[in-house]
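Thanks for coming, everyone. Please take a look at the sequence and the structure on the screen.

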Amino acid sequence: MAQMSRRTRIIIGALALLGALGLGFTLLRPAEEENPWEFLGPADRDVTSLVFDPTTPTTLYAATWLGGVYKSEDGGATWRYLRRSGFRGTSLAIAPTTPATLYFYGAGGVYKSADGGETWRAVNRGLKLGETKWVLALSIDPTNPRVVFAGTDTGVYKSTDGGESWRAVNRGLELGEGNRVSALSIDPTNPRVVFAGASTGVYKSDDGGETWGRISTRRANALSIDPANPQVIVAAVSDGVIRSADGGETWRAADGLPAKDMSSLLRTPTGVMYVSDWKDCSHLYRSADGGATWSRVDIIEILLASPLDRCPRGSGRTLLLLAVDPTAPATLYASLSLSGLLRSSDGGISWQPVGLPRSVLSLALTPSSLYAGTSRGGVYRSDDRGLTWRAASEGLTGFSVSELAVDPTTPTTLYAATDNGVHKSDDSGLTWRAVGLPGQSVWALAAIPTMPTTLYAGVGYGDEPGVYKSTDGGETWRAAGLSGQSVQALAVDPTTLTTLYAATDNGVYKSDDGGLTWRAVGLPGRSVLSLAIHPIEPATLFAGTNDNGDNALFRSTDGGATWSESIKTTGIFAVVIDPNAPATMYAANENGEILRSTDGGATWSYYPIWSYYPILPATPLSLLLVTDPAQPPTIYVGTSISGVQRLAIDKVRWAPYP
C-alpha cells in the first residue's frame, strides 16, 4: 500500500464521515439565536463564478465552491465575504439593468439578493427539481430583470416576477432520464431569442422560451453569445468547443483545443474568453478572437477569473493548517492543500493568496522569515511575511515536509521532518542537507527550548518507526525507544525537559529520562492524534483518540500514570488550553463540534460548527486560540469543507455535552 501521511488519513476519515452523514441532520439552534460563528474564508477558494456590476465595473462578485459569495469594490484588489451567503451554490447571475439584484444558484435551488449581496433569501416557488436538487444555469432578460430562466435536471423554468414564482417551459425539449439543461443564454439585442444547452444538444427558442427547436446534437455544458455580434455563439461541448457565426444555423469546431469534455465558459469585459477542462480544473484555455482559436494558459494567471464550476473535487481541497503570526496576532495563515497558502492581515476578515501555489503541509515563523514546508516541493522562504517567496530547498527537493522546527536560540538553524528523514539548514533555509533517518517518514519533531542541540523525531511510517534522539543539533541520531510504534506526535513537559510524551497508534507513552526508556501510560490499542499538556500543572495532560474504536478525550492528572475519560465523543483532532485561564480548554471532534470545559475537563459543553450552514457538516481539523486578557478568547477553526470559522465566545449559548 502506498504511504499515507497522518494528515491525509485525518482528511480521508473526515470526508468518509461526511459521506456517511449525508444531508440528513437537524439544525439545533433556535431560529432567533444570533449566530456566534463567523465564516472568514477561505473555504475551497475555487471560484466557480465571477460577475461584475455593469454600471460600476470595479464592483465584482465571486462565488466559491461551498464557500459562499465574496464581493470586491475596488476592482478585485480586496475582497470581503458576504456573511449570509453560506448556502450551497456554485454560480452567480446579476441583473444588467438593476445590478443590486443578484441570484446565487446551485444545490437547493435559487437564492436572491436585492441589496448587492448583503442579504439573501430562497426564491423557489414552483421550481420542481429532480433527484440532484440542482439549478444548473440561470439567465436574466437584459431588458427586463423580472424575466429569469433557470436550467435544471428536469428542464427549463421561467419566472416573470423576478424569481418569486416559476413555471416549466419545456415544449420542444427532448427531456428524459439523465437529460439536464446546464446552460442558458439570451440574445442581448432580442430577448425573445433564448438558447439552451442540454445533454441532448443545443436548443433555440424564438418566442421567449415558450417553445424550442434543436439546432445541434452535441451535448452542451456552457453557452456564450457575443454581445457585440449576437450571431456568434460559442458552446463548450463534450469534445471541445463549437462555434456558430449565423445564430446557430451552422457550427464548426474551434481550433487549438483537445477533444475533451469542456465545462463552463467565461467571457471577460474585453472579449477574451476562457474555458476549462471538465476533468482537470487546472487546464484552462484562452481565446482572443471570439472563440475561433484557443491556447492553453497557466491557471495561476487568472486565479479569480477561472471558470471551475462542476469540476471534480476531493480531499485535496481541504484546509490543512492554520497558524498565527506571534508578532502580529491579527495575521493568520491558512493552507488549502492544492491551492497554496493564504493570508489574512485583519484577523480573518479578508484573505489573499500569498504567491505560493503549492500544497503546504507545515509552517514555521522566525522573527524575520516565514517558511513553508510543501508536498513534494521542499521548503519555501519568505522574508516579507508571504509577499514574495523563493525556494529554500537546495538539497531538499522532491520531499514532503510535514513539520518544521526552528532552533530556539539560533533562528537561522532549521529542521525539516520529511518523508525521507530529517534535513537541516544552517543558513535560514538557503541550503539543506540530510542529517538522519533516511528512508523514514518523519511525522513529529520536538526541539528543547533550553537545550538547543537536543532534538527528538517521531517516525510514523517506514522500516523502523519509533522515536529518535539527537544531542548534536541533528548531526547524528540514535534510536530512543518505541521501536515499531507509529509515532504521530511528541510533547515535552515545559517544566521538566527530560520528560516526554509520545502519541502513537497504540496509545500514549512516557519517558522520564530524555528518551532512554519509555513506558506505556495509557490508551493501549488506540490511535492517539492529539496531545495537550497543562501549562502550569504539567502532570495534567489530555489525549484525543481517533480510530475505529470507542473514541474519547482522555485526561491524566498524574503524569500519565492513570487515565480517565474526560468526555466520550468521536475522534478528537485537536485540543488547546487557554494559557490565561488554564482550567478552560477546547477540543474539536469529527462530528463538527467544538467542545469546551471550564473546570479542567471535568464537565463539558459544546457548540456545533454546522448548525448555521445548511450545506454539509464541517469537520474541524485544527484549532487556534488567540488570547487577550482584556478580551474574551477568540477561537479560529480550520475545517475540512467550510474554511476558517471564527467563534465569538461571548455570544455562544453552550449546551451540555452530550
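This is a predicted model: local features need pLDDT of at least 70, side-chain atom pairs count only at pLDDT 80 or more; totals for chains, interfaces and linings use all residues.

Start with Ser511. Where does Ser511 lie? Find strand 44, which covers residues 507–511. Ser511 is in that strand.

Is Ser511 buried or exposed? Its relative accessibility is 0%. Buried means under 20%, so Ser511 counts as buried.

Now the side chain of Ser511. What does it pair with? There is a polar contact with the side chain of Asp513, at 2.9 Å. Then look at Thr517. Its backbone oxygen lies 2.9 Å from a polar atom of the Ser511 side chain.

Next, the contacts of Ser511. Leave out neighbours within four places in sequence. What remains is Thr498, Thr499 and Leu500, plus Leu516, Thr517 and Trp518.

On to the leucines. First, some background. Most residues other than glycine have a negative phi.

Go to Leu437. Its phi is positive, near 60 degrees. Where is Leu437? It sits in the loop between strand 37, residues 433–436, and strand 38, residues 441–448. With a relative accessibility of 10%, Leu437 counts as buried.

Then Leu482. Here too phi is positive, near 60 degrees. Leu482 belongs to the loop between strand 41, residues 478–479, and strand 42, residues 487–492. Leu482 is buried, because its relative accessible area is 10% and the cut-off is under 20%.

To recap: Ser511 is buried in the model. Leu437 has a positive phi, and Leu482 has a positive phi.

Technical notes: Residues are numbered from 1 along each chain as its sequence is written. Side-chain values use heavy atoms; hydrogens and water are left out. Helices (H or I, at least four residues) and strands (E, at least two) are DSSP runs, numbered from the N terminus. Buried means under 20% relative accessible area, exposed over 50%, partly exposed in between (1.4 Å probe, protein chains only). A polar contact is a pair of N or O atoms within 3.5 Å; within protein, one must be able to donate a hydrogen and the other to accept it, and residues adjacent in sequence count only if both atoms are side-chain atoms. Contact means heavy atoms within 4.5 Å.
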